[in-house]
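Please take a look at the structure first, and then follow the notes by topic.

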Amino acid sequence: MNNRDISSKSTRRDCSLYIHIPFCVRKCRYCAFYSIPASVEIQRQYVSAVKRELAMTAYKQSFDTIFLGGGSPTAMTESLLLELAMWAGAKIKSGNEFTIEVNPGQTNAELFKKLKTTGVNRISIGAQSFNDKELEFLGRIHNVADIVRCVEDARKAGFENISIDLIFAIPGQTTTDWKHSLDEAVRLAPPHISAYSLTYEGDTPLVRALAAGQIEIIDEETDAVMYESAMDTLETAGLVQYEISNFAKAGFECRHNLRYWLNKSYIGLGPAAAGCYDGKRTENVADVQRWLEAIDAGRFAYETQQSLSAEDIACETAVLNLRTRFGIEPVAFERQTGYDIQKLFAAPVMRHLNAGLLEWHEGRLRLTRAALPIADKVLCDFAAI
Ligand code: SF4
């Protein structure tokens, strides 16, 4: 990753596209994202409305990166998914990153071959664990054999840029279990791996089971040990940690997500999709029917819409930049936000430098390795002035 690339100023001609596909055949136990099972007719209406929603933005240029996420894009019928991917693929700058998230229980060799023809060039696989019991606990619809087959099929179709998502701190999981998942993921040699601690959010069956005393949360200390284990194992495997939860071989960092962390513009399409465009942060209503009704009536389906002040943008940019191992480059930060990082955040910068949680590295302010497991505790000091 060229430092100049990640610090260039965002302009109107510099925008990414996120399409939220809000369909899943079944909810996973821990999932607080908006997704529903949907009939073919609803999927058809959805694809048509996504196209109209983009037309409503009047954005006519090609996108820097495109991400089809969810939900489960692969929960759609193959023909509708390919129609959507083909339509999106025609809107990306030549050779740029076009990712699709796939559920390993819903892919086959043919699908990958067809996706290859749409311009998709990055596959993000929601593997989560290499232990069938953990997958069952999480309520996933796939097993370990599905993950292995999914990676093989994607490779055979010619996809090189493959990412595997993993979850740790699953109730009942030991540090040895987690190391097994890490080692199995590494054995498949994807150039990108993400590792997230299980979160307890919203009104999910997992949260309810915890409240009822049916499961026990992994304690903070063990969670930190598991995170350290991910950092050690993945770095040893040649995957460099470039963000709190993301590791990649050189050149395989997720460019779409890097743009989020650089606080660059992106348009979000689909129910529950977030966007940040033209100085506004928006979030679409998390309801397919209401979203369809709004688009059919020629209206945006925003649930929330926030105009960002210069201070908001500076705070967001600081927090997002600090998530990455590139950190904040002061000149680029000032060019993007109009603020001097050392003046704007003088007190927290000094405090965390003294505490060994921030450091200057090659002219950039970044979290130290010791701060990574407790990153949120540092970042919250940059969330507001
Ligand atoms: S597949 Fe993903 S989006 Fe769908 S229910 Fe499971 S975690 Fe949620």
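Strands β7 and β8 pair in the antiparallel sense over three bridges, where pairing requires that DSSP finds at least two bridges between two strands. Helices (H or I, at least four residues) and strands (E, at least two) are DSSP runs, numbered from the N terminus. Please keep in mind that this is a predicted model, in which local features need pLDDT of at least 70, side-chain atom pairs count only at pLDDT 80 or more, and totals for chains, interfaces and linings use all residues. Residue numbers start from 1 along each chain as its sequence is written.

**Strands and their partners**
- Between β7 and β8, which form a hairpin, there are two residues.
- Within this pairing, Val-240 has Ala-248 of β8 as its bridge partner.
- Strand β8 (residues 246–248) also pairs with β6, again in the antiparallel sense and over three bridges.
- Here Phe-247 in β8 is the residue opposite Ile-193.
- On to β6 (residues 192–197): this strand runs parallel to β5 (residues 161–168), and six bridges join them.
- Phe-168 has Ser-197 in β6 as its bridge partner.
- A right-handed β-α-β unit is made by β5, helix α7 (residues 175–187) and β6; right-handed means that, with the strands pointing away from the viewer, the path from the first strand over the helix to the second runs clockwise.

**Backbone details worth a look**
- The peptide bond from Gly-70 to Gly-71 is cis, with omega near 25°.
- Gly-71 sits in the loop between β2 (66–70) and α3 (78–89).
- Ala-58 is not a glycine, yet it has a positive phi of about 65°.
- The loop that holds Ala-58 lies between α2 (40–57) and β2.

**Around the ligand**
- Residues around the ligand include Cys-24, Cys-28, Cys-31, Gly-70 and Gly-71, counting a residue as near if its C-beta atom, placed from the backbone, lies within 6 Å.
- This shell divides into four nonpolar, six polar and one charged residue; Ala, Val, Leu, Ile, Met, Phe, Trp, Tyr, Cys and Pro count as nonpolar, Asp, Glu, Lys and Arg as charged, and the others, Gly among them, as polar.

**Two domains**
- The protein chain is divided into domain 1 (3–261) and domain 2 (314–382), with bounds from an automatic or database domain assignment.
- Their C-alpha centres lie 27 Å apart.
- In domain 1, 14 residues are in contact with 13 residues of domain 2, contact meaning that C-beta atoms, placed from the backbone, lie within 7 Å.
- The side of domain 1 that touches domain 2 draws at least two residues from each of α1 (3–6), α9 (220–236), β7 (240–243) and α10 (255–261).
- By class, that side has seven nonpolar, four polar and three charged residues.

**Confidence**
- The chain averages a pLDDT of 95, and 97% of the residues score at least 70; pLDDT is the predictor's confidence in each residue, from 0 to 100.
- Over residues 1–11 the pLDDT is below 50, and this stretch has 13 contacts in the model beyond near neighbours in sequence.
- Where pLDDT is low, the predicted coordinates should not be read in detail.

Technical notes:
Contact = placed C-beta atoms within 7 Å.
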